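Dear colleague,

Please read them with the structure open beside you.

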Amino acid sequence: MIIGFSGRTASGKSAVSRAVATHYGALWVSFGDYVRAEAKRRGLVDDRPVLQDLGEALITDGWEQFCARVVGQVAWDGQGMLVVDGIRHLGAIEALRARARFTLIYVE
């Protein structure tokens, strides 16, 4: 099962998603952390417009591949629960839904 968290910037989704993952002993992964790590690897500044542009560039190969790289940050075997933080696009929801039973939680 995958539980995805979405919400506006600074809504608390990361804190809530981490707490849920900890409570259930689930793996936790973040779209934002993946994009920030990729920016660092490429020598880019950690700046919102730069990260947004990079995020758009990273999905040019498609949502399935992008989500596979994000999920690949942790050793999820597809059997246990995975908590995914920072979902912002319908394409990501569809790609994650294709991997496992999926629930989206919006944090306001």
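A salt bridge here is a side-chain nitrogen of Lys or Arg within 4 Å of a carboxyl oxygen of Asp or Glu. The model is a predicted one, in which local features need pLDDT of at least 70 and side-chain atom pairs count only at pLDDT 80 or more, while totals for chains, interfaces and linings use all residues. Residues are numbered from 1 along each chain as its sequence is written, and side-chain values use heavy atoms, with hydrogens and water left out.

Under that salt-bridge rule, the count is four. R18, D33 and R36 are linked with one another in a network of such bridges. Helices and strands are DSSP runs, numbered from the N terminus, with helices being H or I of at least four residues and strands being E of at least two.

For accessibility, buried means under 20% relative accessible area, exposed means over 50%, and partly exposed is in between (1.4 Å probe, protein chains only). R36 is partly exposed at 37%, D33 is partly exposed at 31%, and R18 is partly exposed at 43%.

R18 itself lies in helix α1 (residues 13–24). Apart from its neighbours within four places in sequence, R18 is in contact (heavy atoms within 4.5 Å) with W28 and D33. The C-alpha atoms of R18 and S30, which are 12 residues apart along the chain, are 9.8 Å from each other.

E38 takes part in two of the salt bridges, one with R41, where the closest N and O atoms are 2.6 Å apart, and one with R42, where the closest N and O atoms are 2.8 Å apart. R41 and E38 are three residues apart in helix α2, which means that about one helical turn separates them. E38 is buried, at 10% relative accessibility, whereas R41 is exposed at 62% and R42 is partly exposed at 44%.

Turning to the sheet, four strands form an open sheet in the order β2-β3-β1-β4, with parallel pairing; two strands pair if DSSP finds at least two bridges between them. Because β2 (27–30) and β4 (102–107) stand at the edges with a single partner strand each, one side of each has no neighbour in the sheet. On average, neighbouring strands of this sheet are turned by 20° against each other, direction ignored. Strand β1 (residues 2–7) and strand β3 (residues 82–85) run parallel and are joined by four bridges, and F5 stands opposite D85 in β3. Helix α5 (residues 90–97) packs on the sheet, where it touches β1, β3 and β4, and its direction makes about 150° with that of β4. Axes are lines fitted to C-alpha atoms, for helices over the stretch in contact, and angles run from 0 to 180 degrees between N-to-C directions.

Finally, helix α4 (residues 63–71) packs with α5 at an angle of about 70°, their axes being 9 Å apart. That makes the two helices roughly perpendicular, a word used for angles of 65 to 115 degrees. The contact is made by W63, E64, C67 and V71 of α4 together with G91, A92, E94, A95 and L96 of α5.

Notes: Angles under 35 degrees count as roughly parallel, over 145 as roughly antiparallel, 65 to 115 as roughly perpendicular and the rest as oblique.
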